[in-house]
Amino acid sequence: LTFIITLSASSCAIPEPKFETTSSAATQRAVLRGELKEALESYESQAREAEKNAAASWFPQQYWKAAASAYREASRAAMFSGQLQKSIALGEKALEIGVKLKDPSRQLGAIDPLIGAYRSVRNFDKARELIERGLVIVKEIPPSTNSRIAWEGGLYLYSGDEHMRRREYEKAIEAFSNSLYQQRDYLSNLERWRAQSWTRPWLEPTRIGIVTRLNRLGNAYRLAGKYQEAMEQYQRAFDSIKEWGL
């Protein structure tokens, strides 16, 4: 990766790459701007550079972490661009590094796009295996932390979708209920700290996530023949939309 170095009389600064890998935000922006090809090339380049630095360093941990993050976002970018086999290969690489680091968050970060990619190629057995693996790994994150709550809620959402696909509606109800509980817990934490600027960008997506889960739960109840319970979930979704002005 080529960095542009800006020199001045007093300092020398190396800017962050355009497509940073600390979160999925840069990948999401690349989707909106039609820059997926550029983003994918950048992520792959950053991953290779980090691996190269890890191999040459006496203290490679930080470089392996950077490589895992770059491969994760490369997997996500490849999936969004329709390169599903490449997405799987890159995601498996990110997961392999996460296991090497014994880092549950990086393992879960790799599993997330892998589930989507395997579903897209209709390898539902592998997707289900990764969901179950994720639900074990997430227990390694301290309870009641935002990271644990967010990952666990997301995995239960995936699990509910998988049970719906298999027409296991009672199991889907349980999974969606767990996911909804976690999402509400996450929202409570955000609202507790809403005076802090870092919480503001997350409030609306988290509220939308609650409405999404209420809808999924309503669908599961409906298909299980529990129409009154289904209506209650749909009404809660409408009430939430009105309350939050979504």
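This is a predicted model: local features need pLDDT of at least 70, side-chain atom pairs count only at pLDDT 80 or more; totals for chains, interfaces and linings use all residues.
**Stop 1: the whole protein**

Colour by secondary structure. The protein has 10 helices and 2 strands. Step along the sequence and the pattern reads β-β-α-α-α-α-α-α-α-α-α-α. The C-alpha trace spans about 70 × 45 × 35 Å along them.

Colour by burial next: 45% of the 246 residues count as buried.

Then colour by charge. There are 36 positive and 30 negative charges. Where do the mean positions of the positive and negative charges lie relative to each other? They are 1 Å apart.

**Stop 2**

Select R72. This residue sits in helix α3, which runs over residues 61-80. Is R72 buried or exposed? R72 counts as buried because its relative accessibility is 14%, below the 20% cut-off.

Show what surrounds R72. Leaving aside residues up to four places away in sequence, R72 touches T21, T22, S23, A94, G109, A110 and P113.

Together with R72 they are linked in a network of salt bridges. Side chains of opposite charge can pair when their charged atoms come close.

**Stop 3**

The structure holds 17 salt bridges.

Select K93 and E51. Their side chains meet in a salt bridge, at 3.4 Å from N to O. K93 lies in helix α4 and E51 in helix α2 (residues 36-56), so the pair ties together parts that are 42 residues apart in sequence. Compare the two ends. K93 is partly exposed, with a relative accessible area of 26%. E51 counts as buried, at 18%.

Move to K126 and E129. This salt bridge has an N to O distance of 3.3 Å. Which helix holds the pair? Both residues lie in helix α6, 3 residues apart, about one turn of the helix. K126 is partly exposed at 22% relative accessible area. E129 is partly exposed too, at 41%.

Go on to K226 and E170. Here the side chains meet at 3.2 Å, N to O. K226 is partly exposed, with 29% relative accessible area. E170 counts as partly exposed at 45%.

**Stop 4**

Turn to the backbone. Most residues other than glycine have a negative phi. The next two selections depart from that.

Select K102. What is its phi? The value is about 55°, positive although K102 is not a glycine. K102 is found in the loop between α4 (84-101) and α5 (104-120). With a relative accessible area of 71%, K102 is exposed.

Follow α5 to its other end and select R122. This residue is in the loop between α5 and α6 (124-137). R122 is not a glycine, yet its phi is positive, near 65°. Is R122 buried or exposed? R122 counts as exposed, because its relative accessibility is 62% and the exposed class begins over 50%.

**Stop 5: a nonpolar patch**

Bring the surface back and select I208, F238, I241 and L246. These residues make a nonpolar surface patch of about 350 Å². Pick out F238 from this group. Its place is in helix α10, residues 227-244. F238 is exposed, with a relative accessible area of 57%.

Note on methods
Residues are numbered from 1 along each chain as its sequence is written. Side-chain values use heavy atoms; hydrogens and water are left out. Helices (H or I, at least four residues) and strands (E, at least two) are DSSP runs, numbered from the N terminus. Buried means under 20% relative accessible area, exposed over 50%, partly exposed in between (1.4 Å probe, protein chains only). Contact means heavy atoms within 4.5 Å. Patches are made of residues with over 30% relative accessible area and no salt bridge: like charges are joined within 9 Å, nonpolar side chains (Val, Leu, Ile, Met, Phe, Trp, Tyr) within 5 Å. Accessible areas come from the Shrake-Rupley method with a 1.4 Å probe; for residues, only the protein chains shown count as cover. A salt bridge is a side-chain nitrogen of Lys or Arg within 4 Å of a carboxyl oxygen of Asp or Glu. Lys and Arg count as positive and Asp and Glu as negative; His and the chain ends are not counted. The place of a charge is taken as NZ of Lys, CZ of Arg, CG of Asp or CD of Glu.
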